[in-house]
Amino acid sequence: MKQDGRQFDSHGRLRHFLTIEGLPRQTILDILDTAESFIAMGEREIKKVPLLRGKTVVNLFFESSTRTRTTFEIAAKRLSADVININPSLSSTAKGETLLDTVRNLEAMHTDLFVVRHASSGAAYLIAGHVSEHVHIINAGDGRHAHPTQAMLDMFTIRRHKGPFENLRVAIVGDVLHSRVARSEIHALTTLGAAEVRVIAPKTLLPTAVEKLGVHPFTDMRAGLADVDVIMMLRLQRERMTGALIPSEQEYFNLYGLTAEKRAYAKPDVIVMHPGPMNRGLEIDSAVADGPNSVILPQVTNGIAVRMAIMALIMGGTPAAEARRAP
Amino acid sequence: MSLVIKGGHVIDPANNIDSPHDVYIAADGFIVGVGSAPSGFKAERTLDAKGKLVCPGLVDLRARLREPGLEYKATMESETRAAVSAGITTLCCPPDTQPPIDTPAMAQMIQQRAWRIGLAFVHPLGALTRALEGQQLTDMAALDEAGCVGFSNALQPVTDTLVMRRAMEYAASFDLTVFLHAQDPWLQNGGCVHEGEIGTRLGLPGIPEAAETVGVARDLALIEQTGVRAHFCQLSSSRAVAMVAEAQKRGLPVSADVTAHHLHLTEHDIGFFNTQCHVLPPLRSTRDREVLRRALKTGVLGAICSDHQPHEPDAKLAPFADSEPGISGLETLLPLTLKLVDEKLLTLSEAIALVTHKPAAILGVDAGHLGIDASADICIIDPKAHWTLTADQLKSRGHNTPFLGWEFRGKVTHTLVGGEVVFELGVET
C-alpha cells in the first residue's frame, strides 16, 4: 500500500486528521489517552481550557449535520477557540464557486483549522493538499471514504467499556457499502489489534472485496453476532430502498434489525453502539437502543472529548505525545 | 522541396522492413524510394538520420481536440502541434465535440480547420445517432461522403437495443465501420473507479467488470445479427478481451484497441485520490493489465491509442468522483508504446505496427506505412535518448497526465507530414 504523507508534516507530527488508515497505533492511543483527560474536564463547573485561545476554527459542512457539527463546535469552544459554522451548500457553491475557491476565501480570513464534511470521497484530502502550511484540516466525513473522528470516539467508548482490544470480537452491522463510518471503524479496529472484525449485511450492502480490509463478511446476522463483544450498528439511509438494494423496510428489520432476540446471540455483556441518527424500528429496536447494553448516548458525550483531543493534538501537540517525542 | 533521409534504420512493419535504408521523398510530398532512389532523383535537402529510427508517422485512433465547443480546454492548433511533436501525423477525432459531429457541415469544418493549420491529418468519426442521443440515426451516407471514417456514439450509450440494431444494419448497408464504447450504463451507475479493492478502500463508487462484459456481449450479438464491421474502443477488462478474441476466432468482423495508459497503470496507481488517474473505462486490476498486454502479442487488440483528453487544470482540482475523467495522452503514446519494447513484451517492429499501419487499417485510411507513393508522413526517433516527462515539455494545452516524472527511452527528433518537416526537436515553430 502506498504511504501517504499528507497527514503528517516534515517532522512526523500529525498535521491533519483525514483518515485512520495508515495512522500508527501509538498515535491512536495518544488521542484516546488525551481524550480521557478531557472527559474529567467536561464534568467540571468551568469546562474551558485555553489551549486554542486566539485560534479560528471553521466548521465547513457541505453536507448538513447536527450532531457532528455541534460536538465539534462545543469541542472547539471548550478549547477556547473562536468557531464559525458555514454551510456552503446553501451559499457559495450554489453560485458556482468551486470547493477550493470556497476554502481559499475562508483561508484568506486567517482560519487556523477547517473541520470539513463533504459528500464526495477524498474532499478533505484535496483541501489538505491545497492549504498553506499553518492551516489544519479535520475530516468530519467525506463521501463513503472516512469519518475518522467518529471512529476514534467509538474506539474510546469501546476501550472505556470493554478494555484492551486484543480480546475483542466486533461486529459492524448494516449498510457497509455506503458507510464512511464503517470504513474508519474497520481501520481503527484492525490497527488496534481487535481479535476479529466482522461485517454483517446482505451482499447488496457489502462492498466488493471487503475482506481485503481485514474483516470477515457475514450475510446471516445470527451467525455473525455469535459470541461478539461489541455490536456497531450502522444507519440505513431510507433512500437505499429505491435503489433495489433491499426489498423493504420490513424484510430488512426482520433480517438485520437489532432486536433483543438477535442480541442474545452475542456475549451477555455485549455493548451496542450506533453513530446516529438512529432509525428505530428499521435497523434497531427501541428495546435494544435504550436497553442496558446500549452505550449510544455515552458515544455522543465521548465525542466531545475525543474531538478536543484531536484538535489539540494536530494544532499544538499534547503533553503525552510531546513527552514521547523528546529524546 | 525534395528530400532524402539518410543513414537511418527504417522500421516499416506494413512492408516488413526493419533495416538501414535511405528514404527518398519527392517535392510533391510523396515517398518515391526506400533504399534506392528513382533514376534522376535529386535531393534538395538531406536529413541526417544516422543512429536513428525512421518510422511511419503515428496514427492515433482517438484524440479529443476540444474544438469546437471546448476551446478553454484546448484547440486543434495546440493539440495537432502536440501531436506532431510526439510523432503522430494522423488523428481520429470522436464525434463528441460541442455540437457533435452529426452533420456533413461539422465533419467538413473540422477537416478544413486541420488542413488550414497544416500540421496533422485529422479524420472525424461521425455520430451514430443525432446529437448522440441514442434515438435517431444520423445521415450516415452523407457523413461518409463528407469524410467521416466511421461512426460512433462516443461515451454516450445507445441504451435502446433496437436503435443499436438499426444503426448497425444501416451502417452495414454502406460498408461503414461502427466504433463502440461497450458499457452497460445501468451497471456503470455513475461509478468512477474499478469496482474492487481500491474502490472499496477509498469509498469511491465502482464500475464492475460486468458493465463492460454485458456491453460487449450485447454488441457482439448485434454485430453477428447485422454483419456490420465493428471496432471496440479501449477495452479494459480481461474477460471482455476473451469475448472479443472468441468472436474473432468465429470470423466476426471485429477489432479492438487499448489505451496506452491501461497498459501501464492499474487501480493501485490511484493511491490516495490521484485524479490524474480518473479515466473511463477505469484502470482495472493488475491481472486485467497483464491480459491486455498479452492480447497485443496475440493480435486480439489491434492498436494502441492515446484516448487523448486535454483538460484545463480546474477539471482535475476536485474530489475524485467530481473531477473530469481523461488523460492528456498524445505526448506519451509513443513513449509508453516503446516502454513495452524495453519491457520485452513486444519487438520494436510489433510496437510500431500497433501505432501506425494497424490503426490506419482499422480507420480504413491510407497512412501508417512508407510504401512508394505514400504521403511522406514520417517520424524520426532517437532510440537512445533518455528523458523524464515534465509539465513544461508538454505542448498540449492539457497538462493532465499521471506520467509526469516517468522516465522514457526514445524521443522524436523530426516529424514530417506530406514531406514537410513540421517538427524538429529543439527548433520551436
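**Tour of a two-chain model**

Start in chain B of this predicted model and select helix α4 (residues 161–173) with helix α7 (residues 209–226): the two pack with axes 9 Å apart, at an angle of about 40°. Since angles of 65 to 115 degrees would be roughly perpendicular and those under 35 roughly parallel, α4(B) and α7(B) are therefore oblique to each other. View the pair along the line joining the axes: the crossing of α4(B) over α7(B) is right-handed.

Next, show side chains at this contact. From α4(B), pick T161(B), M164(B), R165(B), M168(B), E169(B) and A172(B); they meet R218(B), L222(B), I223(B), Q225(B) and T226(B) of α7(B). Sorted by class, the contact comprises five nonpolar, three polar and three charged residues.

Move to chain A and select its open sheet of five strands, which runs β7-β6-β5-β8-β9 with parallel pairing. At the edges are β7 (216–218) and β9 (271–273) of chain A, each pairing on one side only. From one strand to the next, the twist averages 20°.

Within the sheet, select β5 (residues 169–173) and β8 (residues 230–233) of chain A, a parallel pair with four bridges.

Finally, display both chains and select the interface, where 24 residues of chain A are in contact with 19 residues of chain B. On the chain A side, α3 (99–107), α4 (123–128) and α6 (180–191) each supply at least two residues. The largest share, three residues, comes from α4(A). Coloured by class, this side of chain A shows nine nonpolar, eight polar and seven charged residues.

Definitions and conventions:
Residues numbered from 1 in each chain as written. Chains lettered and ligands numbered in written order. Predicted model: local features only at pLDDT ≥ 70, side-chain atom pairs only at ≥ 80, totals over all residues. Contact = placed C-beta atoms within 7 Å. Nonpolar A, V, L, I, M, F, W, Y, C, P; charged D, E, K, R; others polar. Pairing = 2+ DSSP bridges. Axes fitted to C-alpha atoms, helices over the stretch in contact; angles between N-to-C directions. Parallel < 35°, antiparallel > 145°, perpendicular 65-115°, else oblique. Left-handed = near helix turned anticlockwise from the far one by under 90°.
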